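Please keep the sequence and the 3D view at hand while reading.

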Amino acid sequence: MDELVVRISHCVENGKINKASPYPNAMKGMEGADELTKQALDAAIGPDAILQACNDGMQRIGERFSRNEVFVPELLMAAKAMHAVMAHLEPFFKSGTVKVKGKFVLGTVAGDLHDIGKNLVRMVVEGNGWEVIDLGVDVKSTKFLDAIKNTPGCIVGLSALLTTTMVNMSKTVQEIKIQFPATKVIVGGAPLTMDAALKMGADGYSHDPQGAVTFLDKISAA
Amino acid sequence: MTDQQWITLQKIIKNEIVQPLPVGFIIDCPWLPNWYGINILDYFSNDELWLKANLKALQDFPDVMFLPGFWSEFGMCTEPSAFGARCIFPINEFPHAHKVIQSVDDIDSLPQPNPKTDGLLPFVLNRLKLAQPKIEAAGHNIRFAVARGPLNIASYLMGSTEFLTTMMMQPEKAEALMKKITLYLKDWLHLQMETFPSIDGIFLLDDIIGFMGEEEFRNFGMPYFKELYDANVSVKFLHNDAPCKVSAPLLPEIGVNLFNMGFDITLNELQQLTQHKVTLLGNIPPRDVLASGDVTKVREVTTQLVNSLQDKSKIIFSCGGGMPPGVSSENIQAFIKAVRT
């Protein structure tokens, strides 16, 4: 594999956004995902190869997160580095040179302002080649329904951190299933379990972002 | 809490086995208003209903330690309100506060709140002052100074993603924010203690701890928690129902001696992680069992929990987290019975 591509992947995994970024300490002063992606494109390395490097980097950090070797801040930094790469790749997505795997409508349910879980999922899912329509936090079910209507074939992700907002999550899943029974819904959040997810009528549950990617890729491949 | 309950709590913390086995729950706005039959906004806005709801819980479950007891609060809005956060109060949903820091540059100009006058804090305190004679007439006392923890408040003021990435990118700004919040919380806790001399405990709630690795927690959490718990009180209580394996070994060093955790860890494991120095309040699944299960399920899971313990000292039986919405009186009774038989 091209050295530049390997370095991009390494930057994504370690959350090195650009040369100016002080994080991580061990890479201070080094070029980051931003500069290296620009160099790679200038060197005529294909956007698909760069996207794959992103995916590999995010997958490695996602696996380390699942093993409790790194935590939310490190994962957020990796996602930020990935975003620096994606900013360069955006024209290729728009032109169709790089194809997205599918569309994923995502939001934190009504009454819950926590964005960590939702943002982590967004960043990791985007890094794995999906287009994410991020509805934000405190999202009412009507907003989810509108987004589904406007995004045919999408998969929906609902996030919540508070035990108290599980009720709203359940209501939202049920309303989606009544109006759009074919739409697949995955839920996630600290207070949830697979059992609770299935009881509320969701099609999937994941306790970490990598699990959401696995779910989406499986649906997409089916 | 009554004098007897307070003595019992202190005995448990001092490693004495008490009989019958103790039961305690954190109760606040997610459970109490609807259980009492009123909507959440009425609970927040009507002092009499707030008091009656609390008294009714104590009357119905006299053997349960309700923690902190007579918690005067406005949900997640309480502490952020003093920084000027926009607070949203739907009629029968949980209130939430919007962030006030739009960029890291706002941190330096963020005002230092005065707990005596700012946001909802005067209302919190005055409600307790007005209710104090009736609380004492019912045989109870105000025992805890209560606040959301500094990481939790930082996340509300800034947005959790923004705060956690600021920790990594501009640590000096994150530290400045934590210092400002900690100073505010110290003022707030001390004001509560000054106002109510019966207070002999500090209760902080902070689930952002659970998202951090050890290095981040040691840098951005631990020093501030230590400062807040560094007070002359006998009970130092922490709630974090997010993951706690990283922070649990550090709890004794922080000064915490009572801990309410989530349900994703066993009490046996936590006893090991905390070197058996911390009293544990937990931890059957709050929503899936205590709220959604039937009496049989509650009894079964609670009995499993009791029987799973190799050492029942320094344990108060509860759910993993605060009492969730929708828990019936029957399920609470089933829980108590299962612990005590």
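Predicted model: local features only at pLDDT ≥ 70, side-chain atom pairs only at ≥ 80, totals over all residues.

How many bridges join β5(B) to β6(B), and how do the two run? Five bridges join them, and β5(B) and β6(B) run parallel.

**Strand β5 of chain B**

- Strand β5 of chain B spans residues 144-148 and is mostly covered, with five of its five residues buried.
- Phe144(B), Val146(B) and Arg148(B) point one way from β5(B), whereas Ala145(B) and Ala147(B) point the other way.
- Ala147(B) has Leu204(B) of β6(B) as its bridge partner.

**Helix α11 of chain B**

- Helix α11 of chain B covers residues 222-229, and its buried residues are Tyr224(B), Phe225(B) and Leu228(B).
- These buried residues line one face of the helix, because they fall within an arc of 100° when seen down the axis of α11(B).
- Among the elements of chain B that cover the buried residues of α11(B) are α7 (150-158), α9 (171-195), β6 (201-205) and α12 (251-254).

**Contact between chains A and B**

- In this pairing, 25 residues of chain A are in contact with 23 residues of chain B.
- On the side of chain A that touches chain B, α4 (72-95), α5 (116-127), α7 (166-179) and α8 (194-199) of chain A each supply at least two residues.
- The element that gives the most to this side is α4(A), with five residues.
- The residues of this side of chain A comprise 15 nonpolar, seven polar and three charged.

Key:
Residues numbered from 1 in each chain as written. Chains lettered and ligands numbered in written order. Contact = placed C-beta atoms within 7 Å. Helix = DSSP H or I, 4+ residues; strand = E, 2+ residues; numbered from the N terminus. Nonpolar A, V, L, I, M, F, W, Y, C, P; charged D, E, K, R; others polar. Buried ≥ 20, exposed ≤ 12 C-beta atoms within 10 Å, placed from the backbone. Arc of directions from axis to C-beta. Pairing = 2+ DSSP bridges.
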